[in-house]
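Please look through the notes below with the model open beside you.

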Amino acid sequence: MNGEYDTIAAIATPPGRGGVSIVKISGHRSLQIAMQIAGQEPQVRVVQVARFRNADGILIDQGLLLYFKGPASYTGEDVVEIHGHGGAVVPQLLLDCVIRLGARHARPGEFTERAFLNGKLDLAQAEAVVDLIESRSVQAAKMAIRSLQGYFSDEVRRLSNALLDIRVHVEGVLDFPEEDPALLADGAILDRLLGTRQSLERMLENSRKGQLFREAVRVVIIGRPNVGKSSLLNRLSGSERAIVMATPGTTRDVIEQSMFLDGLQIEVVDTAGVHETEDPVEREGVRRTLREMENADLILLISDSDEGLSADRRYFEPWLDPDKKLIQVRNKIDLDCDHAKRSGSVAADRVFLSARTGNGLPLLMDTIREAAGLTIRDENVYLARSRHIEALQQAGYHLGAAYAWMSRQSSLDLAAEELLQAHQCLGRITGEIHSDELLGEIFSRFCIGK
Ligand SMILES: Nc1nc2c(ncn2[C@@H]2O[C@H](COP(=O)(O)OP(=O)(O)OP(=O)(O)O)[C@@H](O)[C@H]2O)c(=O)[nH]1
Ligand SMILES: [Mg+2]
């Protein structure tokens, strides 16, 4: 592929102050440009110390030079990396030199796009590159690196190959019906189709689970005034983020705090206590609380007495969405020695704790993890994107239709068409089938220099 595309360049490190910056060049002119700037011939895969000069021979910087000869490089083309000093000026001067010597500015994601076009990565792997860079939790990063290594794509390909086998059979019967009439009648091919469909459903389920990890889980704390909502936010986040006072009506606005729970990012939201009031500021606070409840992935309803557990549930009932997960929390158990003793117990979705002492907090963490579906330790859960899930869903739909036609032993040609459609859906995930628009949409979301 070398020589097919023009030569591109970009600063691959983030802007601003920093010890080191990297200017990356990819394309058939990379080596020549590097030689002109460094005044020496780079050795393949050898780190060399070099002085970098502009076209007038003026020294700009000194640093390291690295050369990967295509196709054994990230993009599959000749790639040179110039490692210079960081900061606002030097990397830009180096890039200007490279551009003057015949490269052009790379678009966002263009290096990875070339890696895809040159067959170094498939499309799902290329997407994993940006997922890894943008991962917001340790779990998400782990899933992204697994996808980058090809585990997700391998699974898609396994399904795709199984489908191809079935298609070959069906097409064979269509072409030579007289030669092998028993081929479909014995049910073996139908069983295989069913098996493939089940594998696809499993993969879809695991992809849906993984989607949870793409964004932070929003946990909204609600309750009547003064029950200890702000105290709980502070305790969960280990900060003094919210004001805590003995006076009811202390919190009037929505307060958000980001935190990590076992490497997973959650957004904890403290709200104003809900009650009837004529105070316009408090009324606005209550309105905002109710709005936050709509945006929540998970709601923590706090009460500060045993009676409150049922009474508050009834009070909030009109605003509770039955499809939304709810955990009821009985706070202030330190004031009640019976409860303090059994802080480790949990009745259904009720947790007993003290925001003041921290007693019972680990149990709340476990319950949050469980309720938000974050207890997944399954290696096969994928950080899938919506487009992957849609493609899997469509493939499942076509397989269902193919099964229906085949089990009736009629309209085999329609079954073959459905199988072809399903096969193409899978091909779109890994990019075997792609359009320029799709590539544009995927790679434009990358950062420049990747
Ligand atoms: N003993 C005890 N007191 C608590 C506990 N949690 C909170 N409090 C006290 O309860 C009072 C109210 O606490 P906040 O956290 O401000 O309650 P809130 O629900 O945010 O109150 P508003 O914002 O006014 O709705 C404060 O005096 C806290 O010190 C607890 O676990 N035990
Ligand atoms: Mg408060």
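1. Leaving out neighbours within four places in sequence, Gly-449 is in contact with Ala-10, Ile-11, Ala-12, Lys-24 and Phe-111, where contact means heavy atoms within 4.5 Å. Gly-449 lies in the segment after helix 16 (436-443); helices (H or I, at least four residues) and strands (E, at least two) are DSSP runs, numbered from the N terminus. The relative accessible area of Gly-449 is 3%, so Gly-449 is buried; buried means under 20% relative accessible area, exposed over 50%, and partly exposed in between (1.4 Å probe, protein chains only). Gly-449 and Ile-8 are 441 residues apart along the chain, yet their C-alpha atoms are separated by 9.6 Å.

2. A word on how to read these notes. This is a predicted model, in which local features need pLDDT of at least 70 and side-chain atom pairs count only at pLDDT 80 or more, while totals for chains, interfaces and linings use all residues. Residues are numbered from 1 along each chain as its sequence is written, chains are lettered from A and ligands numbered from 1 in the order in which they are written, and side-chain values use heavy atoms, with hydrogens and water left out.

3. In what order do the 6 strands of the open sheet lie? The order is 3-4-5-2-1-6, with mixed pairing; two strands pair if DSSP finds at least two bridges between them. Strand 3 (48-53) and strand 6 (104-105) are the edge strands, each pairing on one side only. Strand 1 (residues 8-11) and strand 2 (residues 20-26) run antiparallel and are joined by 4 bridges. Within strand 2, Val-23 is the bridge partner of Ile-11.

4. Helix 1 (residues 30-38) lies across strand 2, strand 3, strand 4 (59-68) and strand 5 (79-85), and runs at about 75° to strand 3. Axes are lines fitted to C-alpha atoms, for helices over the stretch in contact, and angles run from 0 to 180 degrees between N-to-C directions. Helix 3 (residues 110-117) also packs on the sheet, where it touches strand 1, strand 2 and strand 6. The direction of helix 3 makes about 140° with that of strand 1.

5. Strand 9 (residues 264-270) is largely enclosed by the rest of the structure, because 7 of its 7 residues are buried. Leu-264, Ile-266, Val-268 and Asp-270 are buried on one side, and Gln-265, Glu-267 and Val-269 on the other. Strand 7 (residues 217-223) pairs with strand 9 in the parallel sense over 5 bridges, and Arg-218 stands opposite Glu-267. Strand 8 (residues 255-261) pairs with strand 9 in the antiparallel sense over 7 bridges, and Leu-261 stands opposite Leu-264.

6. Now the helix pairs. Helix 6 (residues 151-175) packs with helix 8 (residues 188-211) at an angle of about 160°, and their axes are 10 Å apart. Helix 6 is therefore roughly antiparallel to helix 8; angles under 35 degrees count as roughly parallel, over 145 as roughly antiparallel, 65 to 115 as roughly perpendicular and the rest as oblique. The residues of this contact divide into 10 nonpolar, 4 polar and 3 charged. Here Ala, Val, Leu, Ile, Met, Phe, Trp, Tyr, Cys and Pro count as nonpolar, Asp, Glu, Lys and Arg as charged, and the others, Gly among them, as polar.

7. Helix 8 has another partner, helix 14 (residues 386-407): their axes come within 10 Å and cross at roughly 160°. These two helices are therefore roughly antiparallel to each other. The residues of the contact of helix 8 with helix 14 divide into 14 nonpolar, 8 polar and 2 charged.

8. Some backbone details deserve a check. Gly-70 and Pro-71 are joined by a cis peptide bond, with omega about 5°, and Pro-71 lies in the loop between strand 4 and strand 5. Arg-45 is not a glycine but has a positive phi of about 55°; it is found in the loop between helix 1 and strand 3. Is Arg-45 buried or exposed? With a relative accessible area of 51%, Arg-45 is exposed.
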